[in-house]
Amino acid sequence: MNDALSRFPFPFKKGTYDYYANNSIPLQPPYSIEVTPAYQHEIHLKRRLLNKAHSRCYQSLSHTEEAQWEVVELVLHHLTAAYPKEFLLHKEKDNWTFINQLTGEEERFVFGDAASLPFEPLDFVGRHVQEDLILMMQRDAELFLEAGQLCFPGNWSLVFKLGMTFHEIHEPIPGFFERGAADKIRTFLLHMEAGRPWMRNNWSLTAGNFLDTFPETYHEWGIHRHRVTVDNAGSLIHLRVEVQKLFRLPGTQGILFTIHTHMLPLKQLVRQREWLHRFTQVVTQLPDEIADYKGITPYKQPLFAYLHKQMEGEKEEKNEIRQ
Ligand code: HEM
């Protein structure tokens, strides 16, 4: 397996499609971040998007500032613990110096004093990690999305979701409420404890290799959904996996939700024959409403034809070997 394949968080453990359920598992090792070979490229892209359309990529309500500092503390500690050569943190009381060897930056600030940073705390720390960072605040047994830095959304809008509850955020998902998943997952989140983080994978497909699939720029990337053919499916269609992690913040009791998005073109996926089999089984079992929700319907036919061709090719290879 090449490096890109061996790193890829392939999400299907078996070849059957399961309706939405709580697929969270305890996070081990307990780090909110992962640095991959795409670090430089993605940090550059993130910062370009933030500069170009800041309010699309960053939103916050003013009362989240304390929780944002908790996120700074958690993420910087994770960076330095997981990658001690690449990231360093020196503290003299509240005077912190953060050194990012990968970008060559040295950031000095007074912890807890937002005026000492060039951006809001969440917006600052998010510029050093590949993950999108979403902050949910808890009040009266309810969770509200009240701040976030989101550069690589899977077709959802931060501006639109700001202030929404967990249920309101998930309202567009087919079957999420009828089957009881929404209530169970919210109860699970409300019971999360500091120091016991969780993770889950979420998957979708994208036509094109855009990480930044904002609904606001749909005209730029959505068009590729209608350009897929059996011949270009292998390079155009990507399996998009979001590694999502959940951390209870010990002070404010907010929840940090981190999203690390990974993409793999199908032509690479099919090289792993076991992955090809499982992936083909799952996508061919997808209920229509889920395929619609994930935006797959416009290219379902060429996708299936491409996968069929790959499976047939494999059969022919086996027959040739037998002869
Ligand atoms: C608490 C932090 C969370 C936030 C901020 C969040 C946010 C979102 C958003 C914005 C979407 C896209 C909705 C749309 O299409 O408009 C989504 C989709 C979804 N979320 Fe969450 N979510 C969170 C936690 C969870 C957890 C813990 C689970 C399950 C254990 C979950 C399950 C799902 C599922 C199944 C989808 C549909 C994704 C797809 O099929 O592509 N979410 N979430």
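In this predicted model, the shell of residues around the ligand divides into 15 nonpolar, five polar and three charged. Of the 23 residues in this shell, the ones that come nearest are Tyr-20, Lys-161, His-170, Tyr-293 and Lys-294.

The iron atom of the ligand has a single donor from the protein, namely NE2 of His-170, at a distance of 2.1 Å. His-170 sits in the loop that runs between α7 (166-169) and α8 (181-190). The side chain of His-170 also places an N or O atom 2.9 Å from a nitrogen atom of the ligand. Turning to secondary structure, the elements that give two or more residues to the shell are β6 (132-139), α7, α8 and β8 (198-207). Of these, β8 gives the most, with three residues.

The second largest pocket also deserves a look. Its volume is about 530 Å³, and 24 residues line it, with Ala-38, Glu-42, Thr-261, His-262 and Met-263 lying nearest its centre. Two or more lining residues come from each of α1 (3-7), α2 (39-52) and β10 (255-265), and β10 gives the most, with six residues. By residue type, the lining of this pocket divides into ten nonpolar, nine polar and five charged.

Notes. Residues are numbered from 1 along each chain as its sequence is written. This is a predicted model: local features need pLDDT of at least 70, side-chain atom pairs count only at pLDDT 80 or more; totals for chains, interfaces and linings use all residues. Side-chain values use heavy atoms; hydrogens and water are left out. Donors are N, O and S atoms within 2.8 Å of the metal (3.2 Å for Na, K and Ca); water is not among the atoms, so sites may look incomplete. Helices (H or I, at least four residues) and strands (E, at least two) are DSSP runs, numbered from the N terminus. A residue is near a molecule or strand if one of its heavy atoms lies within 4 Å of it. A polar contact is a pair of N or O atoms within 3.5 Å; within protein, one must be able to donate a hydrogen and the other to accept it, and residues adjacent in sequence count only if both atoms are side-chain atoms. Ala, Val, Leu, Ile, Met, Phe, Trp, Tyr, Cys and Pro count as nonpolar, Asp, Glu, Lys and Arg as charged, and the others, Gly among them, as polar. On a 1 Å grid over the protein atoms alone, a cavity is a set of points where a 1.4 Å probe fits but cannot get out, and a pocket is an open set with protein on both sides within 12 Å along at least five of seven lines; lining residues have an atom within 4 Å of a point. Grid points are joined across faces, edges and corners, and a volume is the space filled by probe spheres set on the points.
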